[in-house]
There are 2 protein chains.
Amino acid sequence: MTSLIIGLCAGMLCMVSFLPQLIKIVRTKQTKDLSLITFSVLSVGVFLWLIYGILIGELPIILSNAFIFVLSLLIVAMKIKYK
Amino acid sequence: MTSLIIGLCAGMLCMVSFLPQLIKIVRTKQTKDLSLITFSVLSVGVFLWLIYGILIGELPIILSNAFIFVLSLLIVAMKIKYK
């Protein structure tokens with residue numbers, strides 16, 4: 001139960017953490033200092049975490065990584081668009 | 001066994017994903033487009049994932065999040081230094 005709560009908090013924080021970066025890009029249309037490799041590799045990694053979460057049946061891992069995957073892909077798309 | 005391999009790959013990719021961003025900052029000394037909130041909140045979230053990994057005894061989660069926590073903190077430190 002403790003692990004579920006900590007996992008949900010961890011997932012929640014990691015999920016919301018990418019929102020300010022996304023908002024910053026939308027506002028400034030500047031992505032020069034962001035690493036395309038970082039967010040591309042991160043997207044693949046997070047997708048594998050999602051698969052991993054499904055395999056071990058851990059809800060916090062599944063939910064947070066599904067959300068982070070979408071945000072990370074959006075950052076990659078904007079990095080390509082505004083480069 | 002499959003989940004362990006996928007988890008280790010996921011952890012490995014997420015770990016290495018932050019290196020290009022760190023290298024980019026060291027090289028350019030530019031962090032204007034990076035969101036301080038993103039990397040600060042991410043650091044706390046990743047630290048909680050580390051605790052979660054310890055609690056449920058999952059090695060891929062422990063190893064990758066310990067590494068990402070250090071890299072994320074370094075990015076936060078450089079964002080503050082080079083702002």
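Predicted model: local features only at pLDDT ≥ 70, side-chain atom pairs only at ≥ 80, totals over all residues.

Q: How does the span of helix α1 of chain A compare with the expected one?

A: From its first C-alpha to its last, helix α1 of chain A reaches 40 Å, close to the 39 Å expected at 1.5 Å a residue. K29(A) follows α1(A), and its phi is positive, near 55 degrees.

Q: Where is S72(B) placed, and is it buried or exposed?

A: An α-helix has 3.6 residues a turn, so residues three or four places apart point the same way. S72(B) lies in helix α3 of chain B, which comprises residues 59–81. S72(B) counts as buried because its relative accessible area is 0%, and the cut-off is under 20%.

Q: Which residues does S72(B) touch, leaving aside those up to four places away in sequence?

A: Its contacts are F39(B), L42(B) and S43(B). With S43(B) there is also a polar contact between the two side chains, at 2.8 Å.

Q: How are chain A and chain B related?

A: Two copies of a chain are related by a rotation about an axis and a shift along it. Here, chain B is superposed on chain A by a rotation of 180 degrees with 0.0 Å of shift along the axis, and the RMSD is 0.0 Å. This is the relation of a two-fold axis.

Q: Which residue of chain B comes closest to the rotation axis?

A: That residue is D33(B), whose C-alpha is at 2.7 Å from the axis.

Terms used. Residues numbered from 1 in each chain as written. Chains lettered and ligands numbered in written order. Heavy atoms only, no water. Helix = DSSP H or I, 4+ residues; strand = E, 2+ residues; numbered from the N terminus. Buried < 20%, exposed > 50% of the residue type's maximum accessible area, 1.4 Å probe, protein only. Polar contact = N/O pair within 3.5 Å; in protein donor to acceptor, adjacent residues only side chain to side chain. Contact = heavy atoms within 4.5 Å. Expected span 1.5 Å × (residues − 1). Least-squares fit on C-alpha atoms with pLDDT ≥ 70 in both.
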